[in-house]
Amino acid sequence: MTIESRGKYGMPAFLSIVFVLSGAAGLIYESIWTRYLGLFVGHGAYAQIIVLTIFLGGMSAGAYIVGRVSERLRDPLAAYAFVELAIGLIGFVFHDIFVFATNAAYDHLFPSLAGAPHSLVIVKWTIAGLLILPQSILLGATFPLMSAGVIRIVPRKPGRVLSELYFANSIGGAAGVLIAGFWLLGLGGLPLTLDAAATTNFVVFILALGAARYRTKDAVTVPVSHGEEPESPDAAERFSPSIARLLLIVAFGTAVASFIYEISWIRMLSLLLGSATHSFELMLSAFILGLALGARGVRSRADNFRDPIRSLGMIQLAMGLAALATIPLYLAGFHWAAALISALKPNDVGYDIFTFARYIACLVVMLPSTFCAGMTLPLITRMLMRRGDGERAIGTVYAANTLGSIVGVVLAALVLLPLVGLKALLVEGAVVDMALGVILLRVSGGNVQRNRQLAYLAGFGMVLVSIASLTFNHFDHVLLSSGVYRYGTIPDSALRKVIFYRDGRTSTVTVGMSPADSFSWIATNGKPDASVERAWMYPVPNAPLRTLTGDISTQVLVPVITLAHMPRARLAAVIGEGSGMTSHFLLGSPYLEQAVTIEIEPQMIAGSRLFYPANRRVFDDKRSRFVIDDAKSFFATDARKYDVIISEPSNPWVSGVSGLFTDEFYHRARSYLTPHGVFGQWLHLYEIDDGLVLSVLSAIHHNFKSYVVYATSNQDILIVASNQDELPAPDWGVLKDPGIASDLAGVVPFSVRTLDATRVINRRELAPLLDYYGAPNSDYLPVLDLGAERTRFKRLTASGFGTLRTERFDAVAALFDERKPFDSAEVTTAPEIASMRALAVGAVLRDPNAHVPSDSNGGRDMRDALQYRWWLEATIAKGVAPPDWKRWTSTALRVESDVNGGTAGVADEQFNSSLVSFLARVHAPDQARWTIAFRHALAVWDFKAAAALSDSLTPATLSNDSWILPDEVREGGTVARLKLGDPPGARQFWVKLGPSATRGSDALRSLLLKAYLIDAHRKRHAP
């Protein structure tokens, strides 16, 4: 092959590969910059749109500038290489620049602008623009420069070249989104991901510069007579300036429509596939992949269309029709999604299959339209180039297309979506594309009469299919709000009634009623955020006292417990409206002067009105104020300090929400508190694991001097934190505040003992573990954001926190001398909180005259416990050795746990005496006596006896013949030795019984006890 041939065929292919890398780096930057600026300006709808506007605006400016000057450049390819170098250099220093700039803004600039909110907004967005605008301009220059460079190598096929390069750049972008989201972020967070993109830019710089130098040398050795000159335009392509302007309008308009599609599809697929970060990455990648394949598809034909304007018109019509066809396809997707999720196992393999299936679903919905969209840009650019506009057309068309993207994003997300809803929005985008197609058909070459007839026919068809799409595609609100991606089922419409459904700027909000269960719920994108029993909205006079069950337990206890630590709070803020119950209960305090409820989605507030009058104070009380904003953004612009801040956002697997659970957020949040103020953080234990919960607690641990973790339901916790050295003890007198007392008048009364039972653990008890724990959840290493969706799919539970204080031997209480006495209440206020229910069960078992409550109040547990006790008492009354001592001992241990449930450091001695007397009377085997005695020794904190008995039980434990759980022997014996001042002995015992342990090494109790052993060793050997 000659040098000329290699230059003609080999070099463009090589540069296409280089452009794949460039596209990957570019989309990595876009996704990461969005994360960075979201941290600074917030994740609200306006914030996301303005970030995208800055990025696209810079891209458009860069493309336009290059379009004006590229023909004067001697070597566009070399210029492209140095642009990539500049992007890479900025990429390497961006993180440090961002941290410096934002810290300076928060620490110095923003405080000086307090009281001037408009100036503050301008300054904030100016800083955001300066952070990414230069790189965006450079990125916008890459496509025109590369295209000009390659077209100079192959000037006779501009359509083919442009299509190939657009394909290469887009396919790289589609891959870059996935590589960043699914691999690089987890590997090293945002900084490493930026470094990877910047390194890619350096590789591209070296390869492109080498290619440019090679072409320069080649140009010297190849005779000019052997070079190719561009063809003169055919007659069909010598169109007027007005047609040229129309083509730019089409480039602009089709981008408007494409981003209307993208906004519509992202919201629609969020209802189908979930609104987690990875879902968005899959959708974005699928969208870009469709564009890439469209460019690839038109590659071989771009230079051969007999009437390119008519062909472009047909493509526009096909694009609109394909978009409309996605609506019935999307609605059918709910049923296959339900079938798929139900069939998949909730494990890592199932999650990977689900992720792949989601990507395929995104492609099925998006590919037909995006394939057509990918054909338009190369085709329009090719027509203008062949008309005689030259290389200038590349930048001009790219700039017009990018400007259209900006308009499409703003128009769709901020104006049309909340105004007309999802279905009409998608139809409007299709109408834009089809209308452009009709106009192009009307002005295309050939017979004028035929063009007119074809245009009229296409216009009639456009109106017909648009009306049909609006009329016959029914958006069943029950189906759309089903949360199929979470539950894998389609609810029966007869069992659910949707009474509110709105497509807001950030999410789709639904309020529904479940007649069978007698409660109402509010959901965002199909994910329930709160539910309230209708008895709270419409209480029945003289009805039996209610208990706190389901979500209502958390909605009551979160504000009450937080307020108890600051009972004279004057100013409070609540992040997240939900049902409005949290703000409502805070406003029950007569001392509160104002409660600010910060909500990012206005429709959430509108939907929560349907829970009135249960949340009446948040709407009726003059002290209540709503703020529609991102929480980070609000606090940055508010000069006040708060006595109480409660953060109760949505689940952290929802995109953008995990930023309210980070080290950096808590660092800022603590500065928004008054000296004695408290911060309350809600966190769920369902669909999450202990490691992710610890990553949040680690972030709180690093920022607050004191905190206590409370259980607010069977699967929710509350962390109350303070800047004080010691968190003030809760003043449960807040329950007597007139408003709160009135709200709880129909509820089983709380007692101080049951309220204290909600306490799980505090900073001092977690310090040995969290002082040395792995990286906390951070803005820059988003452990929670990256891991929460997987744990949601696997239906995991952070059982370590849920059971930490509910197992019979409370190791933490024993080590920190937290004695927990009995309680006499036979009915507890929140029976779903295990520690509360255990106290009530124990009260019933100890009182022979106790009344067993109904099942809804925990009565089933009590009846089961009574059955076991009756059986045990019957065997004791016989005075005869049981035939199966192991079974008898197991039952005795269960009854002992029930009798003494929820306590620590105490035991029912009368019950224990009956066991000991019986064992002695019938000459029970040593294993039975040692086991019962060991349990009692742990219960009353007789650590000397517990240590000795653990030695006696060790042989049976190691031989897997223990009559008590091996973990209890291991943990009890270890704690006993620690309390006796023998850390080496405790460590040896812990290691010795390791092979018999059934609890994993990564379980919370295991992690805590290992941390306590290490801490004891450090203290023992401290100088």
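**Figure 1. Cysteines C372 and C362 in the predicted model.** The sulfur of C372 lies 18 Å from the closest cysteine sulfur, which belongs to C362, and this separation is too far for a bond. A disulfide is counted where two cysteine sulfur atoms are within 2.5 Å. The structure, a predicted model, accordingly holds zero disulfides. C362 takes part in no disulfide, the nearest cysteine sulfur being that of C372. C362 has a relative accessibility of 1% and therefore counts as buried. C372, at 10% relative accessibility, also counts as buried, because the cut-off for burial is under 20% relative accessible area.

Figure 2. Helix α25 spans residues 763-770 and includes E765. The relative accessibility of E765 is 0%, so this glutamate counts as buried.

Figure 3. A197 belongs to helix α5, which covers residues 158-221. With a relative accessible area of 0%, A197 is buried. Residues A25, I28 and Y29 touch A197, residues up to four places away in sequence not being counted. The C-alpha atom of A197 is separated by 9.1 Å from that of L27, although A197 and L27 are 170 residues apart along the chain.

**Figure 4. Crossing of helices α10 and α11.** Helix α10 comprises residues 392-420, and helix α11 comprises residues 422-443. Their axes come within 7 Å and cross at roughly 125°. The two helices, α10 and α11, are therefore oblique to each other, and their crossing is right-handed. On the α10 side, A412, L416, L417 and V420 form the meeting surface. These residues meet L422, A424, L425 and E428 of α11.

**Figure 5. Confidence of the prediction along the chain.** The protein chain has an average pLDDT of 89, and 95% of the residues score at least 70. Residues 1-7 have a pLDDT below 50, and this stretch makes 14 contacts in the model beyond near neighbours in sequence. The pLDDT is also below 50 over residues 220-233, a stretch with 17 contacts in the model beyond near neighbours in sequence. Where pLDDT is low, the predicted coordinates should not be read in detail.

Note on methods
Residues numbered from 1 in each chain as written. Predicted model: local features only at pLDDT ≥ 70, side-chain atom pairs only at ≥ 80, totals over all residues. Heavy atoms only, no water. Buried < 20%, exposed > 50% of the residue type's maximum accessible area, 1.4 Å probe, protein only. Helix = DSSP H or I, 4+ residues; strand = E, 2+ residues; numbered from the N terminus. pLDDT = per-residue confidence, 0-100. Contact = heavy atoms within 4.5 Å. Axes fitted to C-alpha atoms, helices over the stretch in contact; angles between N-to-C directions. Parallel < 35°, antiparallel > 145°, perpendicular 65-115°, else oblique. Left-handed = near helix turned anticlockwise from the far one by under 90°.
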